[in-house]
Amino acid sequence: MIAIKSPRLRTFLRYAIPFVLIPAAVALSALIFDGQRYLIISLGIAVLALLLFMTGFEHRNIGSRRMVITAIMTALAVFGRFIPLFKPITAICVMTAVYLGAEAGFLCGALSVLISNIYFGQGPWTPFQMLGFGLIGLFAGYLSKVLLRHKWLMILYGALAGIAYSFIMDIWTVLWYAGGFDWKLYLSATVSAIPFTALYAVSNVIFLLLLQKPVGNKLRRIKIKYGV
Amino acid sequence: MRFTQLNPFAVTVYYVCILAVTMFSMNPFLLCIALVTSVLSAVLTHTANRKNHLFSLAVFVVAAALNPIFVHKGLTVLFYFNGNPVTLEATLYGLSAAMMLTSALYRLRDLSKALTSDKVLYLFGRFSPKLALLLSMTLRFVSLLRVRWRRIQDSQKALGLYDDGNLIDAVRGRARVLSILITWTLENGIVTAESMESRGYNSGRRTSYAVYRVHAADVLFILVCLSLTALTAAGIWQSKAVYYPEFDMRLFSPWGLAGAAAFTLLSVLPLIINIKEAIRWRLLLSKT
């Protein structure tokens, strides 16, 4: 894996990609392209997420190890999406982000959506989902110190992330349905999505409770042993 | 050369062309051709089994029925259903939409059979080799995880540690299997990374296992595809179908007929290539 040498470029990309470039690409896919060329946009987002991932380390060896571990966590998230109703994607993204860094969390979220949608159906919603899960991972990574010190905060974060994700997807619903943004429609969409919002939040809490200790121990062990 | 042996890029161009025409024209005549030829090629190349055909039939019936039930635009009323008018125009529109959906479904299934995962990676590799590697690695891990899950579960059962009897035992057993699975795969992943580095990953341009050269036949095929699609698009443009308020289509204009002919040829192009190949094979056999 290539490491980006210049620290200034790294810092610039670290904030420019998740907060400017990828949201711009998602907005582009929703508004200008009229939701038609979503697959190209999704692949573009995946490349950007990979670039963001590269800003997270300074040495090549660490990059390769971290990439393989992130690929495994992504595969676990995809694997877990076959469980009916309760989906562990958020829990696995949060764990990845907390132990392997915010950039790895973003990559895990975005890729697990892109890959699991190969099985569950790609569509104009893919870029939005990628951004949603990516941001959940990214912020978990930013908050990793606090989340690791207080375990209950991680669970609270999972619950809040489920609600926030539902709100982000409701923006997509409104844009798709009305062709533009409208507050009234947005409110009614969020109200009608309450069962899903609750389901997301509950399944995040359940999987974080189940996975926090065993997966956390294993990731910490790998981190200490190999310096990922 | 059979159709699936063409360069993956040529195969992709073909399906993009045919799906674009199918999905963006609401011309009932063209859609009828699209449906018939897509079913024909699915039957002749064995890309769909009986279950797939039944599913497609269900999609067709539902899609065709939904529009006239919910849309009451149009001037020609056929009969009244629950006090609402069912119009000829809405029925025609529903039929066209159903033909579009069904033939697109058949073509997409063909596409996934024709473009196997190694070909997809070959195409993606041009776009971004790093992303292609990451995607293929993750896809591989998904199936690896499934295999290992089964293996761990079997060994746990053989050891007598796994019980499906009640819910708590089942969940605890699965949690233990998951824990073993994660430990195994993470440790294994580090080995993979080390092995990649020591074999010179990222020290040069990445080559792919399968080599697909661009032959003259591929270029010719792409050119024929694109010109037939252009002719079809011109035909669609000249004989646009208007459904509401009254159905209107200038079908028998020369451009419309030329477009339909071009589209028919485009739709059966893979079949022609395969049949030509079969005939050549028979001839070669009979000579020896």
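The following dialogue reads selected features of a predicted model that has a chain A and a chain B.

Student: How many residues of each chain are in contact where chain A meets chain B?

Tutor: In this predicted model, 27 residues of chain A are in contact with 27 residues of chain B. On the chain A side, the elements that give two or more residues are helix H2 (38-54), helix H3 (60-80), helix H5 (102-120) and helix H10 (194-226). The largest share, 13 residues, comes from H3(A).

Student: Which classes of residue make up the side of chain A that touches chain B?

Tutor: By class, that side has 22 nonpolar, three polar and two charged residues.

Student: Which residues have the most contacts inside the largest nonpolar core?

Tutor: That core has 86 residues, and those with the most contacts inside it are Ala49(A), Cys93(A), Val94(A), Leu107(A) and Ala110(A). H3(A) gives the most to this core, with eleven residues. Apart from this core lies another, of 27 residues, including Ala34(B), Met99(B), Met100(B) and Ile236(B).

Student: With which residues is Ala49(A) in contact, leaving aside its neighbours within four places in sequence?

Tutor: Ala49(A) is in contact with Phe106(A), Leu107(A), Ala110(A), Leu111(A) and Gly134(A). Of these partners, Leu107(A) and Ala110(A) were also named among the residues with the most contacts inside the largest core.

Student: What is the secondary structure of chain B, and in what pattern does it run?

Tutor: Chain B has nine helices and four strands. Along the sequence, its pattern is α-α-α-β-β-α-α-α-α-α-β-β-α. Buried residues make up 29% of the 288 residues in chain B. Among contacts in chain B between residues at least 6 apart in sequence, 74% join residues at least 24 apart.

Student: What span should helix H7 of chain B have?

Tutor: The span is judged at 1.5 Å a residue, so the 32 residues of H7(B), residues 167-198, should span 46 Å. The end C-alpha atoms of H7(B) are 46 Å apart, which agrees. H7(B) is followed by Gly200(B), whose phi is positive, near 85 degrees.

Student: Which residues of H7(B) are buried, and against what do they pack?

Tutor: A general idea comes first. An α-helix has 3.6 residues a turn, so residues three or four places apart point the same way. In this structure, the buried residues of H7(B) are Val177(B), Leu178(B), Ile182(B), Thr185(B), Leu186(B), Gly189(B), Thr192(B) and Ala193(B). The buried residues of H7(B) pack against H3 and H10 of chain A, together with helix H6 (129-158) of chain B.

How values were computed:
Residues numbered from 1 in each chain as written. Chains lettered and ligands numbered in written order. Predicted model: local features only at pLDDT ≥ 70, side-chain atom pairs only at ≥ 80, totals over all residues. Contact = placed C-beta atoms within 7 Å. Nonpolar A, V, L, I, M, F, W, Y, C, P; charged D, E, K, R; others polar. Core = buried A, V, L, I, M, F, W, Y, C linked by C-beta atoms within 7 Å. Buried ≥ 20, exposed ≤ 12 C-beta atoms within 10 Å, placed from the backbone. Expected span 1.5 Å × (residues − 1).
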